[in-house]
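Hi,

Here is the structure I promised to pass on. Have a look at it first, and then read my notes below.

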Amino acid sequence: MSSRKEQLKKLININSELVEQLIDELLFMEKQLEYYRSLPQIKIDNDYPERQRTTAAAKLYKETLQQYTNVIKVIAKTTGQDVDNEESPLRKWAKKYVNTE
């Protein structure tokens, strides 16, 4: 069975040092996300159970997930697999009316 890195390289199909670094970062973040998921996400007050707050692990998970998503978007854009390639109606309108000088 091939490794996760080999699977990603096959999907991306672009050989460059930048893409290689992005894949390495992506793999690192996947491990971090898995670890953060194993930690408690909410701390409950023993005296007042309705009083709850997020833990540091929950905050780290959220931040790392955002970075992970950004790396995925960069890779997708680099490989031409960007789902945002199609212009939204708002962008079409803005190009038509806002950028006319």
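The protein chain has four helices and two strands, where helices (H or I, at least four residues) and strands (E, at least two) are DSSP runs numbered from the N terminus. Starting at the N terminus, the order of elements is α-α-β-β-α-α. Before you go further: this is a predicted model, in which local features need pLDDT of at least 70 and side-chain atom pairs count only at pLDDT 80 or more, while totals for chains, interfaces and linings use all residues. Residues are numbered from 1 along each chain as its sequence is written, and side-chain values use heavy atoms, with hydrogens and water left out.

A few overall numbers. The chain has 101 residues, and 20% of them are buried; buried means under 20% relative accessible area, exposed means over 50%, and partly exposed is in between (1.4 Å probe, protein chains only). The accessible surface of the protein chain is about 8,500 Å², with 53% of that belonging to carbon and sulfur atoms. Those areas come from the Shrake-Rupley method with a 1.4 Å probe, and for residues only the protein chains shown count as cover. If you take the contacts between residues at least 6 apart in sequence, 45% join residues at least 24 apart. Contact here means heavy atoms within 4.5 Å.

Now the helix pairs. Two packed helices are described by the angle between their axes and the distance between the axes. The axes are lines fitted to C-alpha atoms, for helices over the stretch in contact, and the angles run from 0 to 180 degrees between N-to-C directions.

Take α1 (residues 4-12) and α2 (residues 17-37) to begin with: their axes come within 10 Å and cross at roughly 135°. That angle makes α1 oblique to α2, because angles under 35 degrees count as roughly parallel, over 145 as roughly antiparallel, 65 to 115 as roughly perpendicular and the rest as oblique. The crossing of α1 past α2 is right-handed. A crossing is called left-handed if the near helix is turned anticlockwise from the far one by less than a right angle, and right-handed if clockwise. On the α1 side the contact is made by Arg4, Lys5, Leu8, Lys9 and Ile12, and on the α2 side by Val19, Glu20, Ile23, Asp24, Leu26, Leu27 and Glu30. By class, these residues are six nonpolar, no polar and six charged.

How do α2 and α3 (residues 56-79) cross? Their axes come within 9 Å, at an angle of roughly 155°, which makes α2 roughly antiparallel to α3. Here α2 passes α3 in a left-handed crossing. Residues of α2 in this contact include Val19, Leu22, Leu26, Met29 and Tyr36, and among those they meet in α3 are Ala57, Leu60, Thr64, Tyr68, Val71 and Ile75. The contact of α2 with α3 has 15 nonpolar, four polar and two charged residues.

- Thr64 is in helix α3 and is buried, at 8% relative accessible area. Setting aside neighbours within four places in sequence, Thr64 is in contact with Met29, Gln32, Leu33 and Tyr36. Tyr36 is 28 residues away from Thr64 in sequence, with 9.3 Å between their C-alpha atoms.
- Thr55 sits in the loop between β2 (52-54) and α3. Thr55 counts as buried at 17% relative accessibility, and beyond residues up to four places away in sequence, Thr55 touches Pro40, Gln41, Ile42 and Lys43.
- Glu25 belongs to helix α2 and is partly exposed, at 44%. The C-alpha atoms of Glu25 and Val71 are 8.1 Å apart, with 46 residues separating them along the chain.
- Asn70 is in helix α3 and counts as partly exposed, at 36% relative accessibility. Asn70 and Leu26 are 44 residues apart in sequence, and 9.8 Å apart in space from C-alpha to C-alpha.
- Gly80 is in the loop between α3 and α4 (89-97). With 52% relative accessibility, Gly80 counts as exposed. The C-alpha atoms of Gly80 and Ile12 are separated by 9.5 Å, although the two are 68 residues apart along the chain.

Cheers

Methods:
Nonpolar A, V, L, I, M, F, W, Y, C, P; charged D, E, K, R; others polar.
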